[in-house]
Structures are given as C-alpha cells and as structure tokens.
Amino acid sequence: MIRTEQLAPDTIMFHVRGQFNKQVAKELSLSVFRSYHLGFKTFLCNLSLSMVLDKDAHYHLTLIGEGLRDKGRNWRVISPPSSSGNQLILRTNLQLLAPANLN
C-alpha cells in the first residue's frame with residue numbers, strides 16, 4: 001500500500017507499507033511519474049513501514065531515482081534499519097533553539 005503526502009508545494013513523500021514487491025514497485029513508479037508531471041521537484045520515499053527489501057526492490061528504487069535525477073529532480077529514500085547496515089537515510093538539519101526558548 002502506498003500513501004502520498006505533500007510536504008511542500010514542490011515536495012512529495014510516498015509512504016510504502018507492507019511487502020515491497022514487483023507490483024508495489026510498479027505502483028510507486030507510476031505514482032512518481034504522475035507526481036513528476038504535476039510539477040513536483042523533490043521526491044521522498046519512506047520505507048520505514050515496509051518489510052524485507054530484496055535486490056529487485058533496490059533495483060527498482062535505483063531506476064526510479066536515476067530517472068528523476070536525469071530530469072534534474074531530487075530523490076531520497078528513507079529505509080528501515082537493517083542488520084547489514086545497507087540503508088539510505090534522509091539527513092535533515094535541526095534548528096537549535098536559544099536556551100531562553102526552552103521551557
């Protein structure tokens with residue numbers, strides 16, 4: 001199952017839940033394609049609620065990412081922790097609050 005969330009006017013996140021298989025990869029690819037044509041520039045894929053990712057899943061994610069990057073778009077994948085240490089993590093900067101603002 002794939003749920004989409006618009007985070008900003010040009011940023012969209014795809015939340016993938018359950019088993020990531022060939023059918024889900026195809027659905028994700030079509031959703032990304034439609035979003036691209038709607039004008040989104042940054043695409044995030046949240047796999048933290050997905051189950052085991054095999055080599056085919058990584059292959060499909062790579063194809064989607066390469067296609068977007070070739071068109072000048074941004075593609076980031078957030079994946080669950082793995083025992084092998086192979087994971088892509090979206091890195092964000094945290095804004096530090098001044099001590100006076102911390103109550």
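This is a predicted model: local features need pLDDT of at least 70, side-chain atom pairs count only at pLDDT 80 or more; totals for chains, interfaces and linings use all residues.
I take buried to mean under 20% relative accessible area, exposed over 50%, and partly exposed in between, with a 1.4 Å probe and protein chains only. Residues are numbered from 1 along each chain as its sequence is written, and side-chain values use heavy atoms, with hydrogens and water left out.

Entry on strand β2. I read helices (H or I, at least four residues) and strands (E, at least two) as DSSP runs, numbered from the N terminus. Strand β2 spans residues 11-18, and seven of its eight residues are buried.

Entry on pairing. I count two strands as paired if DSSP finds at least two bridges between them. Strand β1 (residues 2-8) runs antiparallel to β2, joined by six bridges. Glu5 has Met13 in β2 as its bridge partner. I find two residues between β1 and β2, which form a hairpin. With strand β3 (residues 42-50), β2 pairs in the parallel sense over seven bridges. I note that His15 stands opposite Asn46 in β3. From β2 the chain passes through helix α1 (residues 22-37) to β3, a right-handed β-α-β crossover; right-handed means that, with the strands pointing away from the viewer, the path from the first strand over the helix to the second runs clockwise.

Entry on Ser50. I locate Ser50 in strand β3. Why do I call Ser50 buried? Ser50 is buried because its relative accessible area is 11%. The Ser50 side chain reaches the backbone oxygen of Val16 at 2.9 Å.

Terms used
A polar contact is a pair of N or O atoms within 3.5 Å; within protein, one must be able to donate a hydrogen and the other to accept it, and residues adjacent in sequence count only if both atoms are side-chain atoms.
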